[in-house]
Amino acid sequence: MQLILRPPTAMATLAISLIILLTHTEAHNITQILAKHPEFSTFNDYLSQTHLADEINGRQTITVCAVDNAAMSSLISKNLPISSIKNLLSLHVLLDYFGAKKLHQITNGTALAATMFQATGTASGSSGFVRITDIKGGKVGFATEDNGGNITATFVKSVEEIPYNISVIHISNLLPSSEAEAPVPAPSAMNLTAQMSTHGCKVFADTLSASSAALSTFQDDIEGGLTVFCPGDDAFKAFLPKYKNLTADGKVSLLLFHGLPVYNSMQMLRSNNGLMNTLATDGAKKFDFTVQNDGNIVTIDTKRVVAKITGTLYDEQPVAIFTLDKVLLPRELFNATEAPTPAPAPAEEAESPKAKKKVKPDPDTPADAPSDSADQAADDNGAVRFDSAMTWMGALGLSVWLSLFVI
């Protein structure tokens, strides 16, 4: 049987366009959504002040329970610190999609939804959950678990729905929570190393604790804003032999290289790509690196290594701590131009017998360590190109298949 390939029909062309659209879906923007509804201006403003808007925009499936300006007045009158306001408002962000239709069709009439407050790890027990109940008469009630499950707010209307990405709904009142409103410890009293030690970065935390000069710099920057990049235990443990070979000043610089003197949430890192100064930056000694992203993946390129952010360990303004899969190597300490000279080719050895007697530099010496940034970058770029190619090859294959059967 002879296979005849026809030119793409209108239907096949439409299919291709649809595939392209699906693979290039733009992220939602809660600030822009609420800006179209002035009655939520206060709620919208506090989402920006607390940086919750950035975190909401970084989620793929989310429901925002917005309250109007009149309901927000009760919160403002309490004069809570911004950190407590953030916790309370994060209780109004559900980590699931609830459109108007789903709210009225809840299985068994009730559902327990996790919130962004629960995801922070700050909420104890089930206090970060919201119970949604389909009440008789077409009403839907909302209650916080740490309020005894008492319904304090009801569904008013759907503001905007983008199934199944984001749903913004209007509820009648703020959801009360004594735990969310509780005062957050002052930033200056925060124990950075304790936070890191209990979340998989103990080796780095212990090393930082042993350096009073580096630790005091981190602590001094907390109140003004601080972002810490913490290598995981396996990564830093493997690096310790090279760390021990550094000079005293080099050790301090390497530790400070893992901190930024400003606060950055994950969403800010995704959008504010580019060259950034670190705590180690001082005059002629640059000690800077480049933050770059590929979708939701954020990497740090020091020109000696490309490390990926693997998770958020802590994020309460003005401090954010992120985990890394690799140690950040500053090029000022690990200069790629000083890498060991490659062994001569066999022909060269034959011409120059003395070459065999040359002693290679110790590859474990930090200044002489070979660069792996090029290999890492090549691997990362290759993976991106491969994934992109596979996506488009799939789209092209589907379009050809459609063209065979659509007349």
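Two exercises on this predicted model follow, each with a worked solution.

Residues are numbered from 1 along each chain as its sequence is written, and side-chain values use heavy atoms, without hydrogens and water. In this predicted model, local features need pLDDT of at least 70 and side-chain atom pairs count only at pLDDT 80 or more, while totals for chains, interfaces and linings use all residues.

**Exercise 1.** Identify the cysteines joined by a disulfide and state whether they are buried or exposed.

*Solution.* Step one is the criterion: a disulfide is a pair of cysteine sulfur atoms within 2.5 Å. By this rule there is one disulfide. Step two is the pair itself: Cys201 is joined to Cys230, with an S to S distance of 2.4 Å. Step three places the partners in the chain, where helices (H or I, at least four residues) and strands (E, at least two) are DSSP runs numbered from the N terminus. Cys201 lies in the loop between α10 (192-197) and α11 (202-209), whereas Cys230 belongs to strand β8 (residues 226-231), 29 residues apart. Step four concerns exposure: buried means under 20% relative accessible area, exposed over 50%, and partly exposed in between (1.4 Å probe, protein chains only). Both Cys201 and Cys230 are buried.
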